[in-house]
Amino acid sequence: MIDDITAAKDAALAEVERADSLDAIVALEPRLLGKKGSLGSLKAQLGSLSSVDDKKVAGQALNEATQAVESALSARRDSLGDAALAALVAHERLDLTESAGRPTRGHAHLVTQAWERLEDVFIGLGFQVAEGPEVETDWHNFEALNMGEGHPARGEFDTLFVDYAPPGGTAGRTVLRTHTSPVQIRTMLTAEPPIYIVAPGRVFRRDTPDATHMPVFHQIEGLVVDRHITLADLAGTIEAFTKAFFGPGFTSRLRPSYFPFTEPSAEFDIQRPDGSWLELGGCGMVHPNVLRAGGIDPDEWSGFAFGFGIDRMAVMRHQVADLRDMYADDLRFAEQF
Ligand code: PHE
(Lines give C-alpha, C1' and ligand atoms only; values in the text may rest on other atoms or scores of the structure.)
Protein backbone atom coordinates (compact mmCIF):
# COMPACT_ATOMS: atom_id res chain seq x y z
CA MET A 1 0.00 0.00 0.00
CA ILE A 2 2.92 2.38 0.72
CA ASP A 3 3.98 1.99 -2.90
CA ASP A 4 0.45 2.89 -4.06
CA ILE A 5 0.48 5.99 -1.84
CA THR A 6 3.87 7.07 -3.18
CA ALA A 7 2.72 6.50 -6.77
CA ALA A 8 -0.54 8.44 -6.21
CA LYS A 9 1.38 11.29 -4.58
CA ASP A 10 3.92 11.48 -7.41
CA ALA A 11 1.13 11.45 -10.02
CA ALA A 12 -0.73 14.21 -8.16
CA LEU A 13 2.43 16.36 -7.82
CA ALA A 14 3.13 15.91 -11.54
CA GLU A 15 -0.39 17.11 -12.37
CA VAL A 16 0.05 20.15 -10.15
CA GLU A 17 3.29 20.91 -11.97
CA ARG A 18 1.54 20.68 -15.33
CA ALA A 19 -1.30 23.06 -14.38
CA ASP A 20 -0.62 26.28 -16.32
CA SER A 21 -3.40 28.57 -15.18
CA LEU A 22 -5.28 29.59 -12.06
CA ASP A 23 -8.43 28.03 -13.53
CA ALA A 24 -6.62 24.68 -13.98
CA ILE A 25 -5.49 24.74 -10.31
CA VAL A 26 -9.04 25.48 -9.13
CA ALA A 27 -10.33 22.53 -11.17
CA LEU A 28 -7.53 20.24 -9.98
CA GLU A 29 -7.93 20.74 -6.23
CA PRO A 30 -11.15 18.74 -5.59
CA ARG A 31 -9.96 16.01 -7.96
CA LEU A 32 -6.63 15.48 -6.17
CA LEU A 33 -7.79 15.98 -2.57
CA GLY A 34 -11.45 14.89 -2.67
CA LYS A 35 -12.82 11.58 -1.52
CA LYS A 36 -12.98 10.25 -5.04
CA GLY A 37 -9.39 11.20 -5.85
CA SER A 38 -6.62 8.61 -5.77
CA LEU A 39 -5.43 9.63 -2.30
CA GLY A 40 -9.04 9.77 -1.07
CA SER A 41 -9.79 6.27 -2.25
CA LEU A 42 -6.58 4.95 -0.68
CA LYS A 43 -7.73 6.53 2.58
CA ALA A 44 -11.00 4.63 2.26
CA GLN A 45 -8.99 1.42 1.95
CA LEU A 46 -7.18 1.98 5.30
CA GLY A 47 -9.95 0.25 7.16
CA SER A 48 -9.36 -2.99 5.31
CA LEU A 49 -5.78 -3.29 6.63
CA SER A 50 -5.63 -5.94 9.34
CA SER A 51 -2.52 -4.90 11.30
CA VAL A 52 -2.73 -1.85 13.57
CA ASP A 53 0.89 -1.04 12.80
CA ASP A 54 0.28 -1.21 9.06
CA LYS A 55 -2.71 1.12 9.49
CA LYS A 56 -0.58 3.57 11.45
CA VAL A 57 2.26 3.56 8.93
CA ALA A 58 -0.06 3.80 5.92
CA GLY A 59 -2.17 6.51 7.63
CA GLN A 60 0.92 8.60 8.34
CA ALA A 61 2.17 8.16 4.77
CA LEU A 62 -1.25 9.22 3.45
CA ASN A 63 -1.28 12.34 5.65
CA GLU A 64 2.19 13.28 4.47
CA ALA A 65 1.22 12.69 0.84
CA THR A 66 -1.92 14.81 1.23
CA GLN A 67 0.03 17.65 2.86
CA ALA A 68 2.66 17.50 0.11
CA VAL A 69 -0.06 17.80 -2.57
CA GLU A 70 -1.78 20.62 -0.64
CA SER A 71 1.38 22.65 -0.31
CA ALA A 72 2.31 21.99 -3.96
CA LEU A 73 -1.16 23.26 -4.98
CA SER A 74 -0.83 26.41 -2.93
CA ALA A 75 2.70 27.13 -4.13
CA ARG A 76 1.58 26.67 -7.73
CA ARG A 77 -1.46 28.90 -7.14
CA ASP A 78 0.77 31.64 -5.75
CA SER A 79 3.21 31.56 -8.60
CA LEU A 80 0.49 31.47 -11.27
CA GLY A 81 -1.26 34.35 -9.49
CA ASP A 82 1.94 36.41 -9.47
CA ALA A 83 2.43 35.69 -13.17
CA ALA A 84 -1.18 36.67 -13.97
CA LEU A 85 -0.81 39.93 -12.03
CA ALA A 86 2.49 40.67 -13.71
CA ALA A 87 0.89 40.04 -17.11
CA LEU A 88 -1.98 42.40 -16.25
CA VAL A 89 0.39 45.10 -15.07
CA ALA A 90 2.51 44.71 -18.19
CA HIS A 91 -0.60 44.90 -20.36
CA GLU A 92 -1.92 48.05 -18.71
CA ARG A 93 1.41 49.79 -18.46
CA LEU A 94 1.67 53.28 -19.93
CA ASP A 95 5.13 54.10 -21.14
CA LEU A 96 5.61 57.76 -20.38
CA THR A 97 9.27 57.73 -21.30
CA GLU A 98 8.73 56.62 -24.90
CA SER A 99 10.07 59.81 -26.46
CA ALA A 100 13.39 59.10 -24.71
CA GLY A 101 14.62 62.28 -23.10
CA ARG A 102 12.81 65.60 -23.27
CA PRO A 103 9.76 65.91 -25.51
CA THR A 104 10.43 68.52 -28.22
CA ARG A 105 8.62 71.82 -27.65
CA GLY A 106 7.11 73.92 -30.41
CA HIS A 107 7.23 77.69 -30.57
CA ALA A 108 5.21 80.55 -32.01
CA HIS A 109 5.36 81.27 -35.75
CA LEU A 110 7.67 84.03 -36.92
CA VAL A 111 4.77 86.40 -37.60
CA THR A 112 3.18 85.65 -34.22
CA GLN A 113 6.51 86.40 -32.54
CA ALA A 114 6.73 89.79 -34.30
CA TRP A 115 3.03 90.51 -33.59
CA GLU A 116 3.48 89.80 -29.86
CA ARG A 117 6.70 91.82 -29.58
CA LEU A 118 5.01 94.77 -31.29
CA GLU A 119 2.11 94.55 -28.85
CA ASP A 120 4.57 94.41 -25.94
CA VAL A 121 6.46 97.49 -27.12
CA PHE A 122 3.27 99.54 -27.65
CA ILE A 123 1.78 98.40 -24.34
CA GLY A 124 5.04 99.63 -22.79
CA LEU A 125 4.40 103.02 -24.45
CA GLY A 126 0.93 103.18 -22.85
CA PHE A 127 -1.26 101.82 -25.68
CA GLN A 128 -4.11 99.31 -25.38
CA VAL A 129 -4.76 96.53 -27.89
CA ALA A 130 -7.97 96.73 -29.98
CA GLU A 131 -9.40 94.51 -32.69
CA GLY A 132 -12.03 94.39 -35.42
CA PRO A 133 -13.54 91.90 -37.88
CA GLU A 134 -11.70 90.60 -40.93
CA VAL A 135 -14.92 90.72 -42.99
CA GLU A 136 -15.76 94.43 -43.11
CA THR A 137 -18.44 96.69 -44.48
CA ASP A 138 -17.52 98.97 -47.36
CA TRP A 139 -18.40 101.82 -45.02
CA HIS A 140 -15.84 100.95 -42.30
CA ASN A 141 -13.11 99.95 -44.76
CA PHE A 142 -13.48 102.95 -47.15
CA GLU A 143 -16.34 105.41 -46.72
CA ALA A 144 -15.73 106.36 -43.08
CA LEU A 145 -12.02 106.65 -43.88
CA ASN A 146 -12.77 109.51 -46.26
CA MET A 147 -12.81 107.32 -49.37
CA GLY A 148 -16.30 107.73 -50.76
CA GLU A 149 -17.62 105.73 -53.65
CA GLY A 150 -15.50 106.32 -56.75
CA HIS A 151 -12.58 107.75 -54.77
CA PRO A 152 -9.43 107.02 -56.79
CA ALA A 153 -7.53 105.82 -53.71
CA ARG A 154 -9.84 102.80 -53.55
CA GLY A 155 -8.09 101.53 -56.67
CA GLU A 156 -4.83 101.06 -54.76
CA PHE A 157 -6.29 98.50 -52.42
CA ASP A 158 -6.95 95.54 -54.80
CA THR A 159 -10.05 94.74 -52.82
CA LEU A 160 -11.55 91.27 -52.39
CA PHE A 161 -15.35 91.51 -52.17
CA VAL A 162 -17.50 88.87 -50.50
CA ASP A 163 -20.97 87.84 -51.53
CA TYR A 164 -22.38 88.04 -48.02
CA ALA A 165 -23.98 90.65 -45.81
CA PRO A 166 -22.60 91.02 -42.27
CA PRO A 167 -24.70 92.76 -39.58
CA GLY A 168 -25.21 96.32 -40.84
CA GLY A 169 -23.67 95.55 -44.22
CA THR A 170 -24.91 94.95 -47.75
CA ALA A 171 -24.13 91.95 -49.95
CA GLY A 172 -21.70 92.99 -52.69
CA ARG A 173 -20.59 95.97 -50.59
CA THR A 174 -18.82 93.76 -48.09
CA VAL A 175 -15.07 93.26 -48.24
CA LEU A 176 -12.22 91.33 -46.69
CA ARG A 177 -10.61 94.30 -44.94
CA THR A 178 -7.79 95.68 -47.05
CA HIS A 179 -6.06 97.31 -44.05
CA THR A 180 -6.43 97.55 -40.28
CA SER A 181 -7.58 101.21 -40.54
CA PRO A 182 -11.32 100.30 -40.14
CA VAL A 183 -10.42 99.44 -36.52
CA GLN A 184 -9.81 103.20 -36.08
CA ILE A 185 -13.48 103.80 -36.90
CA ARG A 186 -14.79 100.94 -34.76
CA THR A 187 -12.72 102.13 -31.80
CA MET A 188 -13.84 105.77 -32.11
CA LEU A 189 -17.47 104.64 -32.30
CA THR A 190 -17.24 102.58 -29.11
CA ALA A 191 -14.67 104.38 -26.93
CA GLU A 192 -14.52 107.91 -25.58
CA PRO A 193 -11.30 109.87 -26.07
CA PRO A 194 -8.58 109.93 -24.91
CA ILE A 195 -7.84 106.92 -27.15
CA TYR A 196 -4.43 105.22 -27.34
CA ILE A 197 -4.73 101.89 -29.17
CA VAL A 198 -2.87 99.57 -31.50
CA ALA A 199 -4.75 97.00 -33.60
CA PRO A 200 -2.75 94.14 -35.08
CA GLY A 201 -4.54 91.84 -37.49
CA ARG A 202 -4.91 89.99 -40.76
CA VAL A 203 -5.62 91.93 -43.96
CA PHE A 204 -6.37 90.86 -47.52
CA ARG A 205 -5.56 92.12 -51.02
CA ARG A 206 -6.00 90.57 -54.43
CA ASP A 207 -2.30 90.00 -55.06
CA THR A 208 -0.48 87.14 -56.77
CA PRO A 209 1.97 85.67 -54.24
CA ASP A 210 5.61 86.45 -54.96
CA ALA A 211 8.77 86.98 -52.89
CA THR A 212 7.47 90.29 -51.48
CA HIS A 213 3.65 90.02 -51.72
CA MET A 214 1.02 87.74 -50.24
CA PRO A 215 -2.76 88.08 -50.68
CA VAL A 216 -3.11 87.61 -46.91
CA PHE A 217 -0.75 89.51 -44.66
CA HIS A 218 -0.64 91.33 -41.33
CA GLN A 219 -0.65 94.97 -40.29
CA ILE A 220 -0.58 96.83 -37.03
CA GLU A 221 -2.61 100.04 -36.79
CA GLY A 222 -2.07 102.77 -34.24
CA LEU A 223 -4.59 105.45 -33.24
CA VAL A 224 -4.28 108.28 -30.76
CA VAL A 225 -7.09 110.77 -30.13
CA ASP A 226 -6.65 113.31 -27.34
CA ARG A 227 -6.59 117.05 -26.77
CA HIS A 228 -3.77 119.06 -28.37
CA ILE A 229 -2.22 116.14 -30.28
CA THR A 230 0.20 117.42 -32.93
CA LEU A 231 2.47 116.07 -35.64
CA ALA A 232 5.32 116.31 -33.12
CA ASP A 233 3.54 113.70 -30.94
CA LEU A 234 3.32 111.42 -33.97
CA ALA A 235 7.01 111.83 -34.84
CA GLY A 236 8.03 111.34 -31.20
CA THR A 237 5.92 108.18 -30.86
CA ILE A 238 7.38 106.71 -34.08
CA GLU A 239 10.89 107.48 -32.83
CA ALA A 240 10.24 105.97 -29.37
CA PHE A 241 8.80 102.88 -30.99
CA THR A 242 11.76 102.54 -33.40
CA LYS A 243 14.30 102.64 -30.58
CA ALA A 244 12.28 100.30 -28.32
CA PHE A 245 11.62 97.74 -31.05
CA PHE A 246 14.79 97.78 -33.16
CA GLY A 247 17.34 99.06 -30.64
CA PRO A 248 19.07 102.31 -29.68
CA GLY A 249 21.19 102.30 -32.87
CA PHE A 250 18.08 102.87 -35.04
CA THR A 251 16.33 106.13 -35.85
CA SER A 252 13.28 107.22 -37.89
CA ARG A 253 12.07 109.93 -40.27
CA LEU A 254 8.78 111.05 -41.81
CA ARG A 255 8.45 111.77 -45.55
CA PRO A 256 5.46 113.69 -46.99
CA SER A 257 2.90 111.38 -48.57
CA TYR A 258 -0.82 111.06 -49.15
CA PHE A 259 -3.61 109.02 -47.57
CA PRO A 260 -7.27 110.09 -47.77
CA PHE A 261 -7.78 109.39 -44.04
CA THR A 262 -4.89 111.50 -42.71
CA GLU A 263 -3.97 115.14 -43.30
CA PRO A 264 -1.10 115.82 -43.42
CA SER A 265 0.15 112.35 -44.31
CA ALA A 266 3.59 110.81 -44.27
CA GLU A 267 5.50 107.64 -44.91
CA PHE A 268 7.83 106.70 -42.09
CA ASP A 269 11.22 105.15 -42.63
CA ILE A 270 13.73 103.72 -40.21
CA GLN A 271 17.49 104.07 -40.49
CA ARG A 272 19.64 101.07 -39.67
CA PRO A 273 22.97 101.45 -37.81
CA ASP A 274 24.74 101.01 -41.20
CA GLY A 275 23.01 104.20 -42.40
CA SER A 276 20.60 102.59 -44.87
CA TRP A 277 16.92 103.61 -44.88
CA LEU A 278 13.96 101.30 -44.98
CA GLU A 279 10.34 102.25 -45.65
CA LEU A 280 8.11 100.89 -42.91
CA GLY A 281 4.58 102.27 -43.18
CA GLY A 282 2.15 105.16 -43.47
CA CYS A 283 0.96 107.68 -40.91
CA GLY A 284 -0.52 111.14 -40.41
CA MET A 285 -2.89 113.35 -38.46
CA VAL A 286 -6.39 111.88 -38.42
CA HIS A 287 -8.51 113.71 -41.04
CA PRO A 288 -11.40 115.74 -39.51
CA ASN A 289 -13.88 113.81 -41.71
CA VAL A 290 -12.61 110.55 -40.16
CA LEU A 291 -13.00 111.90 -36.63
CA ARG A 292 -16.56 112.99 -37.52
CA ALA A 293 -17.36 109.53 -38.98
CA GLY A 294 -16.17 108.11 -35.66
CA GLY A 295 -18.52 110.42 -33.75
CA ILE A 296 -15.72 112.66 -32.44
CA ASP A 297 -15.77 116.47 -32.63
CA PRO A 298 -12.65 117.61 -34.58
CA ASP A 299 -12.84 121.06 -32.94
CA GLU A 300 -12.32 119.52 -29.54
CA TRP A 301 -10.06 116.56 -30.29
CA SER A 302 -7.20 115.77 -32.62
CA GLY A 303 -5.18 112.66 -33.25
CA PHE A 304 -2.69 110.73 -35.28
CA ALA A 305 -2.71 107.28 -36.86
CA PHE A 306 -0.13 104.95 -38.34
CA GLY A 307 -0.10 101.53 -39.97
CA PHE A 308 2.57 99.14 -41.15
CA GLY A 309 3.15 95.53 -42.18
CA ILE A 310 4.06 92.96 -39.55
CA ASP A 311 5.25 90.30 -42.01
CA ARG A 312 7.86 92.66 -43.43
CA MET A 313 9.24 93.30 -39.96
CA ALA A 314 9.67 89.57 -39.38
CA VAL A 315 11.27 89.15 -42.82
CA MET A 316 13.70 92.00 -42.13
CA ARG A 317 14.60 90.87 -38.68
CA HIS A 318 15.45 87.34 -39.77
CA GLN A 319 16.62 88.05 -43.34
CA VAL A 320 14.00 85.79 -44.91
CA ALA A 321 14.55 85.90 -48.68
CA ASP A 322 11.04 84.95 -49.79
CA LEU A 323 7.80 85.93 -48.05
CA ARG A 324 6.12 82.76 -49.34
CA ASP A 325 8.42 80.61 -47.17
CA MET A 326 6.67 82.03 -44.12
CA TYR A 327 3.38 80.43 -45.13
CA ALA A 328 4.51 77.15 -46.70
CA ASP A 329 3.99 75.21 -43.43
CA ASP A 330 7.41 73.63 -43.79
CA LEU A 331 8.75 72.73 -40.35
CA ARG A 332 12.34 72.81 -41.61
CA PHE A 333 11.78 76.55 -42.21
CA ALA A 334 9.72 77.29 -39.09
CA GLU A 335 12.11 75.51 -36.74
CA GLN A 336 14.97 77.85 -37.62
CA PHE A 337 13.49 80.79 -35.72
N1 PHE B 1 -3.92 101.93 -43.99
C2 PHE B 1 -2.73 102.37 -44.68
C3 PHE B 1 -2.27 101.26 -45.64
O4 PHE B 1 -2.69 100.14 -45.51
C5 PHE B 1 -1.62 102.71 -43.72
C6 PHE B 1 -1.95 103.89 -42.86
C7 PHE B 1 -2.53 103.72 -41.63
C8 PHE B 1 -1.66 105.19 -43.28
C9 PHE B 1 -2.84 104.80 -40.83
C10 PHE B 1 -1.94 106.26 -42.50
C11 PHE B 1 -2.53 106.09 -41.29
O12 PHE B 1 -1.47 101.51 -46.53
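1. D269 is buried, at a relative accessible area of 2%; buried here stands for under 20% relative accessible area, exposed for over 50%, and partly exposed for what lies in between (1.4 Å probe, protein chains only). D269 forms a salt bridge with R255, at 2.7 Å from N to O, a salt bridge being a side-chain nitrogen of Lys or Arg within 4 Å of a carboxyl oxygen of Asp or Glu. R255 sits in strand β7 (residues 251-259) and D269 in strand β8 (residues 262-271), so the pair, 14 residues apart, links distant parts of the chain. Helices (H or I, at least four residues) and strands (E, at least two) are DSSP runs, numbered from the N terminus. R255 is partly exposed, with a relative accessible area of 30%.

2. On the source: this is a predicted model, in which local features need pLDDT of at least 70 and side-chain atom pairs count only at pLDDT 80 or more, while totals for chains, interfaces and linings use all residues. Residues are numbered from 1 along each chain as its sequence is written, and side-chain values use heavy atoms, with hydrogens and water left out.

3. The structure holds 16 salt bridges. Side chains of opposite charge can pair when their charged atoms come close. One of the salt bridges joins R173 and E143, with the closest N and O atoms 4.0 Å apart. This pair links distant parts of the chain, 30 residues apart: R173 is in the loop between β3 (160-162) and β4 (174-176), and E143 is in the loop between α6 (138-141) and β3. R173 is partly exposed at 31% relative accessibility, and E143 is partly exposed with a relative accessible area of 33%.

4. R173 also meets the side chain of E149 in a salt bridge, at 3.3 Å from N to O. E149 lies in the loop between α6 and β3, and R173 in the loop between β3 and β4; the two are 24 residues apart, and the pair links distant parts of the chain. E149 is exposed, with a relative accessible area of 61%. Through shared partners, salt bridges join D138, E143, E149, R154 and R173 into one network.

5. Helix α3 (residues 38-45) packs with α4 at an angle of about 165°, and their axes are 11 Å apart. The axes are lines fitted to C-alpha atoms, for helices over the stretch in contact, and angles run from 0 to 180 degrees between N-to-C directions. The two helices, α3 and α4, are therefore roughly antiparallel to each other; angles under 35 degrees count as roughly parallel, over 145 as roughly antiparallel, 65 to 115 as roughly perpendicular and the rest as oblique. The crossing of α3 past α4 is left-handed, that is, the near helix is turned anticlockwise from the far one by less than a right angle.

6. Helix α4 (residues 52-92) contains V89, which is exposed at a relative accessible area of 53%. A nonpolar surface patch is formed by L85, L88 and V89, with about 290 Å² of accessible area together. Patches are made of residues with over 30% relative accessible area and no salt bridge, with like charges joined within 9 Å and nonpolar side chains (Val, Leu, Ile, Met, Phe, Trp, Tyr) within 5 Å. Accessible areas come from the Shrake-Rupley method with a 1.4 Å probe, and for residues only the protein chains shown count as cover.

7. V57 is in helix α4 and is partly exposed, with a relative accessible area of 46%. Its C-alpha atom is separated by 112 Å from that of L278, 221 residues apart along the chain. E92 is also in helix α4 and is exposed at 55% relative accessibility.

8. Most residues other than glycine have a negative phi, and most peptide bonds are trans. The peptide bond from P193 to P194 is cis, with omega near 5°, and P194 is in the loop between α7 (182-190) and β5 (195-204). The bond from E263 to P264 is cis as well, with omega near -5°; P264 is in strand β8.

9. N146 is not a glycine, yet has a positive phi of about 70°. N146 lies in the loop between α6 and β3 and is partly exposed at 21% relative accessibility. Q319 has a phi near 50°, again positive in a residue other than glycine. Q319 is in the loop between α10 (310-318) and α11 (331-334) and is exposed at 68% relative accessibility.
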